[in-house]
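This report covers a predicted model. The sections below take up the chain interface, an annotated domain, strand pairing, salt bridges and some backbone details.

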Amino acid sequence: MHGRVKVRTTEEERERKKKEQVLKMRAYRAAMTRLQKKRSAGELDDELLSLTVNLLQRNPDIGTVWNIRRECVLMKVAQLQESKEKEDQGPATIAGEHKDEGDGDKADGDREKVDGSKPTVEQQLQRIYTTELDLTEQCLMVNPKSYCAWHHRCWTLEQNPLADWERELFLCNKYLKYDERNFHTWDYRRYVCAKAAVPQQQELDFCTDKIKVNFSNYSSWHHRSLLLPQLYPNEQQDRPMSEHKLKEELEMVMTAAFTDPNDSSAWFYQRWLLGSGAQLDEKPTVAAFRCWPQKAQLALKKPCADLSQLKLQLTSGEQAWQLESWTPGNEEKTQWQCNHSIEINASLEYALEMQGQRFKLAVQPSDKSIYYFVPPVAAASCSSELLAELQSQLQSCCDLLEYEPDSKWTLLTSALLMRAIDPMQYHEQSLANLIKLQQVDALRKGYYEDLARRWTMEEALTKWPESAQFPQVFELPLKTPKTPYSQYLIVADTVQQAE
Amino acid sequence: MDFTTFVKPSNGGASSENENETTKKLEFWKHVEYIENHGKQEDDYEYCMTEFLRMSGIYWGVTALDIMGQLDRLDRKSIIEFVKRCQCPNSGGFSPCEGHDPHMLYTLSAVQILCTYDALDEIDCEAVVRYVVGLQQPDGSFFGDKWGEVDTRFSFCAVATLTLLQRLEGSIDVEKAVKFVMSCCNQTDGGFGSKPGAESHAGLIYCCVGLLSLTQRLHLLDVDKLGWWLCERQLPTGGLNGRPEKLPDVCYSWWVLSSLTIMGRLHWISSEKLQQFILSCQDLETGGFSDRTGNMPDIFHTLFGIGGLSLLGHSNLKLINPTLCMPQYIIDRLGIKPQRLTLA
């Protein structure tokens, strides 16, 4: 039960309400008993159908009552189809045979009788489906979030080979006008669009219209985020969509965000745009690797449950050694190790191969082991147009912060923009924003602290290969016991606390 | 009833919070009474009209009372008898009450109740396994019942039911179940919806994170992205909403809180403020919790209020397991170990 305000009522009112409820309860119980009795007697007839109507209109969440309706519908459809088969053989008489069933449908009335001609079987079938659709619509008026009513609508349409999907699309438009955040309607819309083969560009235009009416519409931004990567794919997969479209989207979302800087919807979308694209499908990526004659350690950028499918091998010239029987080295499963016996000759060139990728290995001066290392954050390639857009947005954010220095979303987004432009150049400045955020958005202090630790570690790891001590010594910039990206440190001999 | 001090928006300043903290206490005995009476109101209108979810209602009450250490206030025997009567002899699934049809939702509730009462031997468990297995689809998803509704809620119910029955191994295709859930993961926010392409929603995120926790697959989550979206659910009142720009709610507070706990990111929100919000949703007259401050209480929000406080470490409450929303001691007794992440 949601959103029912507790109100003070007089004794009199309470009594009246109580009486009303007793009557309703009695009616409900009587109807349920009758329903169950008829059902168990196999009387899946029109009386049973009409008994369900009242119950569902009052409470569309009683799943069993919908089930009973479906049983009745299936029965009627089966009977009609049987008669249709006969009709196809000899159409003249058969439709009349089943006249009683079709015309007995009390819920729908007797409209075909008016013009005197008998409805065809197909018309009768369509009438059954229409009755179901009408009822679900009535129920959705009572509760637009009734899972049962939405499902019954889908079920009905699935039964009907002649379903009118265009009509359903209009229904979605209508319902989204009442409530533009109802996720049931949005889900239903996606389902209908697939069925009606609505062009994606048309849907994108619909989204744009919705967003222009009201920027604060996370549902619409979400819908948009599904369409864009398909309509404007990014070949390199390092961004969610083509650079050209990305630039346009960034412009649009910034306008939205600045219209109401306290509304989160657009800012969430903005952060996604600034991110690095398709992370979910990302193949396992090697972060670091180190190999000794007796064992090897492997660090992956992201967790991996099972290394056996990665077909890891060490190669040198014509020679190849399979690296097998890996065991996890940490709880997150980003770090792994295996034992073997390989004679390593530091004067030869070695490479690690994984699923067709090849990583050239270097020699660790301290113990002649061989290793590979790449920092976690690589600067994304960025066209000059996109870069100019990011810089102009950063400037706009900074301008806004002049007037509203405590604007949470502006602080966060400007830090994210800085990192999208150049994480190294803006390192200190973006960290300063996070420290400020810990004050202005204190509820999420812990989040900003952790994010700052990540960024600090990213910076240290990026700079590390240029250090004179690389790869023997890593200076840990953090004082906490658990460190993000700790798997990257397998190539170091010593990890020491920075001054 | 004056809740105004708790709905006052705050910028999150930590200075004046301690005063409020001490003034609002858990109305422990009122809640016990509320839940105890809930099951005795055969002639109550609300009670009657919600019979279509009775099995879940009993699970909410039983669990909340057990967390409060007061399980003996309900009649174990009659509850077990009721549950037994609701097992469908044909399908093996459970209905919400007699005269209604079996469904995945009530099958999980029934199994949860029986686990809490250590009474699984009272029913035909193999029939339950068959029911759940029979609802898995070729793409790994689950129907809620034979009528074909697909939703990630049912994926969670299926995996949770089989886990509690110790039959996850060798029954359903776990790999496919996981794959379907991951196909419902959104790139934009790392969250999950009810089906592929559906908007992220805290309740469904709980189901999907819960399923990954039960199947030991939490590494598939983008924890930083999802964790951020989840911690952004906390509003100045301390309560959490289920989607951006929505109102806070005690039940969403549970779903977000438990997901963050499973992901090892509980410290990304203010526990203190959340506790204040939950306590502000108590009905001081009748007992029970409502969705929001000042609304009517119900048994559903009462469990999630109590459960939330338990996860936040409130005294006098038994520990609750964030994945299965059942007392931790039961989960330990069953030897089940849902996966949980620690901060990296």
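## Interface between chains A and B

In this predicted model, 72 residues of chain B are in contact with 70 residues of chain A. The area buried between chain B and chain A is about 6,400 Å², and carbon and sulfur atoms account for 53% of that area. The two chains are linked by 8 salt bridges. One of them pairs Arg39(A) with Asp101(B), where the closest N and O atoms are 2.8 Å apart. Polar contacts between chain B and chain A number 36 residue pairs, both residues being at pLDDT 80 or more.

On the side of chain B that touches chain A, three helices each supply at least two residues: H4 (45-49), H12 (223-231) and H15 (299-311). H12(B) gives the largest share, 5 residues. By class, this side of chain B has 23 nonpolar, 20 polar and 29 charged residues.

## Annotated domain in chain B

UniProt, in an unreviewed entry, lists residues 29-326 of chain B as "domain: Prenyltransferase alpha-alpha toroid". Over residues 29-326, chain B is 48% helix and 2% strand. The C-alpha atoms at the ends of this range are 20 Å apart.

## Strand pairing in chain A

Strands of a sheet pair through backbone hydrogen bonds, in either a parallel or an antiparallel sense. Chain A has an open sheet of 6 strands with antiparallel pairing, in the order E5-E6-E2-E1-E10-E9. Strand E5 (327-328) and strand E9 (362-363) of chain A are the edge strands, and each has a single partner strand, so one side of each has no neighbour in the sheet. The pairing of E9(A) with strand E10 (residues 370-373) of chain A is antiparallel and runs over 2 bridges. Within it, Val363(A) is opposite Ile370(A) of E10(A).

Strand E3 (residues 313-316) and strand E4 (residues 319-322) of chain A also run antiparallel, joined by 4 bridges. Gln313(A) has Gln322(A) in E4(A) as its bridge partner. E3(A) and E4(A) form a hairpin with 2 residues between the strands. In this hairpin, Gly317(A) takes a positive phi near 55 degrees.

## Salt bridges over the structure

Side chains of opposite charge can pair when their charged atoms come close. Over all chains, a search of the whole structure finds 53 salt bridges. Among them is the pair Glu11(A) and Arg14(A), with an N to O distance of 3.0 Å. Both residues of this pair lie in helix H1 (residues 11-40) of chain A. Glu11(A) and Arg14(A) are 3 residues apart, about one turn of the helix.

## Backbone details in loops

The peptide bond joining Phe470(A) and Pro471(A) is cis, with omega about -5 degrees. Pro471(A) is placed in the loop between helix H17 (445-463) and strand E11 (473-476) of chain A.

In chain B, Asp118(B) has a phi near 50 degrees, which is a positive value in a residue other than glycine. Asp118(B) is in the loop between helix H7 (104-116) and helix H8 (125-134) of chain B.

Definitions and conventions: Residues are numbered from 1 along each chain as its sequence is written. Chains are lettered from A and ligands numbered from 1 in the order in which they are written. Side-chain values use heavy atoms; hydrogens and water are left out. Two strands pair if DSSP finds at least two bridges between them. Contact means heavy atoms within 4.5 Å. Buried area is the accessible area (1.4 Å probe) that two parts lose on being put together, summed over both. A salt bridge is a side-chain nitrogen of Lys or Arg within 4 Å of a carboxyl oxygen of Asp or Glu. A polar contact is a pair of N or O atoms within 3.5 Å; within protein, one must be able to donate a hydrogen and the other to accept it, and residues adjacent in sequence count only if both atoms are side-chain atoms. Ala, Val, Leu, Ile, Met, Phe, Trp, Tyr, Cys and Pro count as nonpolar, Asp, Glu, Lys and Arg as charged, and the others, Gly among them, as polar. UniProt positions are given in the numbering used here, feature names are shortened, and annotations may be inferred rather than shown by experiment.
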